[in-house]
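Subject: Structure handover and findings

Dear colleague,

Please find below the structure that I am handing over to you. My notes on what was found in it follow directly after it.

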Amino acid sequence: MPLYTSKNSKEIYHIHIPRTAGRYISSLFLSNKFKIRYNCFDNKINGYDLTHLPYPYYNELEGVSGVKKFAVIRNPFNRFSSILKLIIGDDKFTYDHFDYVLNQTSSENVRNTVFSILDQSPHSLPQYKYIDDSVYLWKYENGMGYDFVKWINSNFDLDLKFNEVAYEINRFDYFHNIPICDKVRDVIVEYYKKDFELFKNLK
């Protein structure tokens, strides 16, 4: 949840929804010489990481409530696949365990297991819980390149440059995606119902 400040003191706040290109965005702003605040993973507010605060907790941070904000919204299916890789990377369960769940005949067992996995992960909070109507939204699937930078500049009166940037790659980023079968897709649609509505209404 960084607050970025440009050399001419213009400010912009990024509502960092987990698994929506946060590391890349931070690297992009830093490459443009923006100062950064509230980017410490060790601090928590109301039980949430400082870097991933849902609405309205980030407005409690000094200097944030009156600043224009943006967030990146991702297709819930794609975000779910990314969350699974992260959870496996944290050694919460294995690919073999999830394959076993998918092969169970009972859809109710699949539902209970997927809900349990998502409920236990701090990174799986539905995206709509991070925002209010004032937040500018960019669709992840529209790309995080030149068009994204152009959109930022247009909406926030900035002169951000599109730079090729390097950012930290974690080991779970290299894990393969687990195919999502129909039973799991149905559970994801149920769990992230409002996120699908949000995503559908974005251009």
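Is Asp49 buried or exposed? Asp49 is buried, with a relative accessible area of 18%. That value places Asp49 among the buried residues because the cut-off for this class is under 20% relative accessible area. Please note that the model is a predicted one.

Salt bridges

The side chain of Asp49 meets that of Lys44 in a salt bridge, at 2.5 Å from N to O.

Lys10 counts as partly exposed at 29% relative accessibility, whereas Asp157 is exposed, at 54%.

Another salt bridge is formed by the side chains of Glu190 and Arg111, at 2.7 Å from N to O. Glu190 belongs to helix H6 and Arg111 to helix H4 (residues 107-120), so this pair ties together parts that are 79 residues apart in sequence. Glu190 counts as partly exposed at 41% relative accessibility, and Arg111 is likewise partly exposed, at 25%.

The sheet

Five strands form an open sheet with mixed pairing, in the order E3-E1-E2-E6-E7. The edges are taken by strand E3 (35-37) and strand E7 (136-139); each has a single partner strand, so one side of each is left without a neighbour in the sheet. On average, neighbouring strands of this sheet are turned by 25° against each other, direction ignored.

Strand E6 (residues 69-73) runs parallel to E7, and four bridges join the two. Within this pairing, Phe70 stands opposite Tyr136, and the bridge partner of Val72 is Trp138. E6 is also joined to E2, by three bridges, and these two strands run parallel as well. Here Ile15 stands opposite Ala71 of E6.

How many of the five residues of E6 are buried? The strand is mostly covered, with five of its five residues buried. In a regular strand, side chains alternate between the two faces of the sheet. In E6, Lys69, Ala71 and Ile73 point one way and Phe70 and Val72 the other way, and all are buried.

Helices

Helix H7 (residues 193-200) has the buried residues Asp195, Phe196, Leu198 and Phe199. They cover an arc of only 160° around the axis, which puts them on the same side of H7. The exposed residues Lys193 and Lys200 are carried by the face turned away from that buried side.

In helix H2 (residues 76-89) we find Asn78, which is partly exposed, with a relative accessible area of 35%. Asn78 is 59 residues from Arg19 in sequence, and the two C-alpha atoms are 9.3 Å apart in space.

Backbone geometry

- The peptide bond from Tyr55 to Pro56 is cis, with omega near 5°. Pro56 lies in the loop between strand E5 (48-49) and E6.
- Lys33 has a positive phi, near 65°, in a residue other than glycine. This residue is located in the loop between helix H1 (22-31) and E3, and Lys33 counts as exposed at 58% relative accessibility.
- Asp157 also has a positive phi, of about 55°, although it is not a glycine.

Yours sincerely

Methods
Residues numbered from 1 in each chain as written. Predicted model: local features only at pLDDT ≥ 70, side-chain atom pairs only at ≥ 80, totals over all residues. Heavy atoms only, no water. Buried < 20%, exposed > 50% of the residue type's maximum accessible area, 1.4 Å probe, protein only. Arc of directions from axis to C-beta. Salt bridge = Lys/Arg side-chain N within 4 Å of Asp/Glu carboxyl O. Pairing = 2+ DSSP bridges. Axes fitted to C-alpha atoms, helices over the stretch in contact; angles between N-to-C directions.
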